[in-house]
Amino acid sequence: MRLGVLDLGSNTVHLLLVDAHYGAAPVPASKLKMPLRLSEHLRKDGSVDDAAVRQLVDFVARGQELAEDMGATEIMAFATSAIRGATNGEEVLARVRSETGLDIQVLSGEDEARMTFLAVRRWFGWSSGRILVLDIGGGSLEIASGADEEPDVAESLPLGAGRLTRDFLVSDPPAADEVRDLRRHARASIADVVGQIRRVGEPRLAVASSKTFRQLARISGAAPSSEGIHVPRVLRAEDVREIVPRLASMTSAERSKIPGVSEGRSGQMLAGAIVAEAAMDLLDIEELAVCPWALREGIILHRLDGLPL
């Protein structure tokens, strides 16, 4: 069957069409994405502005047309941190439903962590034992740990790269006190959940998913995406410790020239790197395996298992 997954993320609105059936890995058939960066379209009262809502409605309509043209039988649509935290999130989704007919489910932070964990578990398999998964999005950081397909613990923290860039990094390049304040905030937030994560047991494998981690791995020398998803990629703590001060000394435009860093993400890379460094330090992770599957694949696998979200 051909399925569509529409992801209203904090950084990107993304439609992924896959050919999938029970017991097999989903195979990408087509995709459509737009770098809307909803977290940057919030008014002072926390509501999503009208321009972003209009773009969102237009994208959903285009996505539905593509899915229909490509023979998709179902579209699973979900929203994450930006819509979840917006003061007018329900009104935004009601407008999308009114103008396109598509219902969009708002995932909780815990569900984001659970679905991402499932994707990582299926990618690495049972032989990996207990796994610890980190995922940095535009609006939140997800952390999950477990030995089965359901994590024993799943946490979501408001430490997304887009959110923190907006809230802390005003200057370009950022001032030293801005970086210090962000670092302090990230470490204090992660420290609050470290005990819960460690209590369930030490992982045999630590894994990173999300574009933030993939770009950090690329900066540190991992293979480019053009070499395919099956090439092993890792991100080492010692490399992240070197990347943070390097990014902090650069403007957003200068960061965009680093191989592997997209122009649209260059402004957020420092915040993402600071969160990655904090999580790896506080959770005693020396190396992360980078997983090409994440939340969207987890949603698909969950659907194929016949389980309600």
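In this predicted model, Trp123 has a relative accessibility of 24% and therefore counts as partly exposed. Trp293, by contrast, is buried, with a relative accessible area of 10%. A pair of aromatic rings is described by the distance of the centres and the angle of the planes. The ring centres of Trp123 and Trp293 lie 5.2 Å apart and the planes stand at 65 degrees, so the arrangement is edge-to-face. The pair joins distant parts of the chain, 170 residues apart: Trp123 belongs to helix H4 (residues 109–124), while Trp293 sits in the loop between strand S11 (287–290) and helix H11 (295–304).

Helix H4 also packs against H11, with the axes 7 Å apart and an angle of about 85 degrees. The two helices are therefore roughly perpendicular. On the H4 side, the contact is made by Glu112, Arg114, Met115, Thr116, Leu118, Ala119 and Arg122; H11 contributes Leu295, Glu297, Gly298, Ile299, Leu301 and His302. By type, six of the residues in this contact are nonpolar, three polar and four charged.

Leaving aside residues up to four places away in sequence, Leu288 touches Leu134, Ala206, Val207, Ala208, Phe213, Arg233, Val234, Leu235 and Met280.

How values were computed. Residues are numbered from 1 along each chain as its sequence is written. This is a predicted model: local features need pLDDT of at least 70, side-chain atom pairs count only at pLDDT 80 or more; totals for chains, interfaces and linings use all residues. Side-chain values use heavy atoms; hydrogens and water are left out. Contact means heavy atoms within 4.5 Å. Rings of Phe, Tyr and Trp (its six-membered ring) pair if their centres lie within 6.5 Å; planes under 30 degrees apart count as stacked, over 60 as edge-to-face and the rest as tilted. Helices (H or I, at least four residues) and strands (E, at least two) are DSSP runs, numbered from the N terminus. Buried means under 20% relative accessible area, exposed over 50%, partly exposed in between (1.4 Å probe, protein chains only). Axes are lines fitted to C-alpha atoms, for helices over the stretch in contact, and angles run from 0 to 180 degrees between N-to-C directions. Angles under 35 degrees count as roughly parallel, over 145 as roughly antiparallel, 65 to 115 as roughly perpendicular and the rest as oblique. Ala, Val, Leu, Ile, Met, Phe, Trp, Tyr, Cys and Pro count as nonpolar, Asp, Glu, Lys and Arg as charged, and the others, Gly among them, as polar.
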